[in-house]
Amino acid sequence: MIINKLDSVEFRLKESHDFTWLKKYGTAFWSVDETGSGCICIGMEDSGKKYFCKIAGVNTIEAEVSPEESVKILKEAVHLYSDLSHPNLVKIIDAYEYGQFYAAVFEWTEGECLFDHWNFEKYQRDSALKSPKEKFRQLSVGKKLNATDVIFSFLRNVNKKGYTAVDFYEGSIMYDFPTDKITICDIDFFREKPVVNDKGAEWFGTKRLKAPEEYVKGAVIDERTNIFTHGALIFEFFGSFSDEEIMQRYQNNRFVPCSFSDWQLNGESYRAAVRAVSPDRNGRYGTFDEFFGEWKAAVCGLF
């Protein structure tokens with residue numbers, strides 16, 4: 001591990017690199033270096049304007065792919081941010097090669113990632129600190145229902161534009177607690193339809209939210225899969241799970257809904273969410289429009 005530095009910001013990599021070429025965006029003020037993608041993320045500010053710079057090919061300390069593969073992934077992903085433009089999707093400004101690196105530059109968005117794994121040790125050390133996920137769970141029902149509607153809107157847009165959401169989870173979502181604004185921040189693995197699971201059990205995504213077909217090589221990954229993902233997220237928002245129940249998802253490769261007694265909303269909404277996460281894909285809603293219609297009817301009048 002080697003400490004790299006840009007302005008007053010330090011970050012850890014496996015190698016030493018010169019990042020002064022980012023100075024055209026101003027001064028560094030923030031970074032995240034614990035990424036499996038092999039990308040370093042650096043916040044830059046120039047005359048009050050902030051930028052989010054994602055640089056592939058830097059060999060991060062927790063990289064799960066080679067620097068060359070990280071460049072390939074980011075280069076193939078940048079068009080998604082334009083193709084799937086949405087009011088709540090982070091806006092891309094520029095993307096280009098720089099030597100061995102590939103950089104994607106986005107408008108800066110205020111907010112906290114709902115699965116900020118790079119801070120987990122900090123929360124363990126100080127029990128007084130609340131993670132963004134915990135703060136989100138403690139929001140009012142009305143605010144969480146509004147956030148759910150935003151995700152519905154985004155995923156409906158993805159499917160209507162001919163794409164399938166892949167590796168979509170809380171780490172793809174930022175929440176700005178002062179303004180209650182949601183931003184979708186990471187869609188690098190989304191794919192144009194048709195999509196088939198070509199990795200088997202190693203298909204992208206967290207075992208906390210994956211649909212059964214996301215463990216089966218050759219299985220179709222489509223709108224019904226995305227409906228399962230959103231249903232599982234809804235259970236994360238409005239349900240309560242013990243640490244043991246969450247661990248069982250990893251051990252058994254299977255998402256299981258919480259019991260109704262651990263559900264924050266009414267029976268109609270619980271039944272709608274349960275249908276969305278049916279292990280039998282034919283038992284799920286066929287479209288997001290159908291799911292959204294039943295969900296809205298179920299939660300009508302709750303706040």
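In the predicted model, strand β8 is joined to strand β10 (residues 173-176) by two bridges, and the two strands run antiparallel. Within this pairing, E112 has Y175 of β10 as its bridge partner. The two strands belong to an open sheet of three strands, ordered β8-β10-β11, with antiparallel pairing. The edges of this sheet are formed by β8 (112-113) and β11 (181-184), each of which pairs on one side only.

A further open sheet contains five strands in the order β3-β4-β5-β7-β6, and its pairing is antiparallel. Strands β3 and β6 lie at the edges with a single partner strand each, so one side of each has no neighbour in the sheet. From one strand to the next, the twist averages 25°. In general, the strands of a sheet pair through backbone hydrogen bonds, in either a parallel or an antiparallel manner.

Strand β6 (residues 92-98) is connected to strand β7 (residues 101-107) by six bridges, and the two run antiparallel. I92 stands opposite F106 in β7, while A95 stands opposite A104 in β7. Together β6 and β7 form a hairpin with two residues between them. In the turn, G99 has a positive phi of about 60°.

Aromatic side chains were examined next. A pair of aromatic rings is described by the distance of the centres and the angle of the planes. The model contains 35 aromatic pairs, counted for rings whose centres lie within 6.5 Å. One of these pairs is formed by Y25 and Y51, whose ring centres are 5.5 Å apart and whose planes meet at 50°; the pair is therefore tilted, since planes under 30 degrees apart would count as stacked and those over 60 as edge-to-face.

K135 is placed over the face of F177, at 4.7 Å from the ring centre. The charged end of R249 is located over the ring of F241, 4.4 Å from its centre.

The packing of helices was then considered. Two packed helices are described by the angle between their axes and the distance between the axes. Helix α6 and helix α9 (residues 288-299) pack at an angle of about 30°, with axes 10 Å apart. Because angles under 35 degrees count as roughly parallel, α6 and α9 are assigned to that class. On the α6 side, the contact is made by E223, N226, I227, H230, G231, I234 and F238, and on the α9 side by F288, F291 and W295.

N226 is found in helix α6 (residues 223-238) and is buried, with a relative accessible area of 2%. Apart from neighbours within four places in sequence, N226 is in contact with L155, N159, T164, A165 and F288.

A further asparagine, N266, is placed in the loop between α7 (243-252) and α8 (267-276). With neighbours within four places in sequence set aside, N266 is in contact with F260, A298 and L302. N266 and I234 are separated by 32 residues in sequence and by 13 Å in space, C-alpha to C-alpha.

Notes:
Residues numbered from 1 in each chain as written. Predicted model: local features only at pLDDT ≥ 70, side-chain atom pairs only at ≥ 80, totals over all residues. Heavy atoms only, no water. Pairing = 2+ DSSP bridges. Helix = DSSP H or I, 4+ residues; strand = E, 2+ residues; numbered from the N terminus. Phe/Tyr/Trp six-rings, centres within 6.5 Å; stacked < 30°, edge-to-face > 60°. Lys NZ or Arg CZ within 6 Å of the ring centre and 35° of its normal. Buried < 20%, exposed > 50% of the residue type's maximum accessible area, 1.4 Å probe, protein only. Contact = heavy atoms within 4.5 Å. Axes fitted to C-alpha atoms, helices over the stretch in contact; angles between N-to-C directions. Parallel < 35°, antiparallel > 145°, perpendicular 65-115°, else oblique.
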